[in-house]
Amino acid sequence: MGKLIVIEFVSLDMVVEDPDGADGTPWGGWAFRYGPESVAGDKFALGELLDTGAMLLGRATWQRFSRIWPGRDDEFSRKMNAIPKLVASRSPADVEAWSNSSLLRGDLIEEVAGLRRERDIVVAGSGSVVAALRAHDLVDQYRLLVFPTVLGRGRRLFDQPIGLALESAERVGQAVRLVYGRDTAA
C-alpha cells in the first residue's frame with residue numbers, strides 16, 4: 001500500500017497561498033525571498049518517490065507547473081517531467097503541455113483511494129484537492145517547508161484541528177522541512 005504525501009511551502013502561520021507571487025496577492029512571493037537554496041531542487045526529500053510514485057495536482061497548480069518544469073533540464077527537473085502526473089479538475093482541461101500528464105477521471109476520493117493502494121502519491125500545492133483528501137482521512141504524511149515569515153492573512157493549510165506526529169525536522173536554507181505523519185495516539 002502506498003502513502004499519500006502532501007508537500008507545501010508554508011509560512012510560520014501556516015499560510016500556503018501565493019508562495020511564488022504568481023497570484024498577485026499583496027503578500028505573495030514570500031517563499032522565494034529566501035533564495036534558491038530554500039526552494040530549488042528536491043527540498044521535500046522526495047528522492048525515489050519521483051521514480052516510483054505519481055503526482056496529483058489540482059488544475060491551477062498543474063497549469064503553473066506546466067509553464068515551469070518542461071523547459072528545465074537538471075536532474076530534479078527531469079524527474080519532475082518524468083513522473084506520472086494526475087490532474088484533478090472539475091472542468092475539461094487540456095493536459096498536453098506537460099509530459100506524462102493525464103486527467104483524473106471519476107470521483108477524486110474514489111480514484112485516489114484506489115491509486116493509493118498501488119503506489120505512493122505526492123500532492124503538491126493544490127489546496128482544494130488537499131482539503132478534500134484530508135476531509136476523507138486519506139493524507140498519510142505532510143512534508144512542509146516552513147519559511148520564517150508571518151503573513152497574518154491568506155489561505156491556510158489547516159482550517160480545522162488535526163492531530164499529527166512529528167517524524168523529522170531539518171534545516172533547508174532559511175526554511176525548515178517538517179515531516180508530520182498521522183497521530184496514531186489520537
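The legends below describe several views of a predicted model of one protein chain.

**View 1**
The C-alpha trace spans about 45 × 40 × 30 Å along its principal axes. The radius of gyration of the protein chain is 16 Å, which agrees with the value near 16 Å that a compact globule of 186 residues would have. Of the 186 residues, 47% count as buried, and the chain exposes about 9,500 Å², of which carbon and sulfur atoms supply 49%. Among the contacts with a separation of 6 or more, 69% are between residues 24 or more positions apart.

Eight strands form an open sheet in the order 4-3-2-5-1-6-8-7, and their pairing is mixed. The edge strands, each of which pairs on one side only, are strand 4 (101-103) and strand 7 (164-172). From one strand to the next, the twist averages 25°. Within this view, the reader can also follow strand 6 (residues 141-147) and strand 8 (residues 175-182), which run antiparallel and are joined by six bridges; Arg-143, for example, has Val-179 in strand 8 as its bridge partner.

**View 1. Helix 5 across the strands.**
Helix 5 (residues 108-116) lies across strand 1 (4-11), strand 2 (54-58), strand 3 (85-88), strand 5 (121-124) and strand 8, and the helix runs at about 135° to strand 5. Is Gly-114 buried or exposed? Its relative accessibility is 16%, and because buried means under 20%, Gly-114 counts as buried. The C-alpha atom of Gly-114 is separated by 32 Å from that of Asp-20, and these two residues are 94 residues apart along the chain.

**View 2. The nonpolar cores and the surroundings of Met-80.**
The largest nonpolar core has 31 residues, and those with the most contacts inside it are Phe-9, Met-80 and Phe-147. At least two residues of this core come from each of several elements, including helix 3 (59-68), helix 4 (75-82) and strand 6, while strand 1 gives the most, with three residues. A second core, which is separate and has 24 residues, includes Val-10, Leu-86, Leu-138 and Val-146. Which residues is Met-80 in contact with, leaving aside its neighbours within four places in sequence? They are Leu-50, Met-55, Phe-65, Trp-69, Lys-85 and Trp-98.

**View 3. Two loop residues with a positive phi.**
Ala-45, which is found in the loop between helix 1 (36-39) and helix 2, has a positive phi of about 55° although it is not a glycine. Ser-126, in the loop between strand 5 and helix 6 (127-135), likewise has a positive phi of about 55° and is not a glycine. As for accessibility, Ala-45 is partly exposed, with a relative accessible area of 38%, whereas Ser-126 counts as buried at 6% relative accessibility.

Definitions and conventions:
Residues numbered from 1 in each chain as written. Predicted model: local features only at pLDDT ≥ 70, side-chain atom pairs only at ≥ 80, totals over all residues. Heavy atoms only, no water. Pairing = 2+ DSSP bridges. Helix = DSSP H or I, 4+ residues; strand = E, 2+ residues; numbered from the N terminus. Axes fitted to C-alpha atoms, helices over the stretch in contact; angles between N-to-C directions. Contact = heavy atoms within 4.5 Å. Buried < 20%, exposed > 50% of the residue type's maximum accessible area, 1.4 Å probe, protein only. Rg over C-alpha atoms; globule rule 2.2 N^0.38 Å. Areas by Shrake-Rupley, 256 points an atom, 1.4 Å probe, with all protein chains shown as cover. Core = buried A, V, L, I, M, F, W, Y, C linked by side-chain atoms within 4.5 Å.
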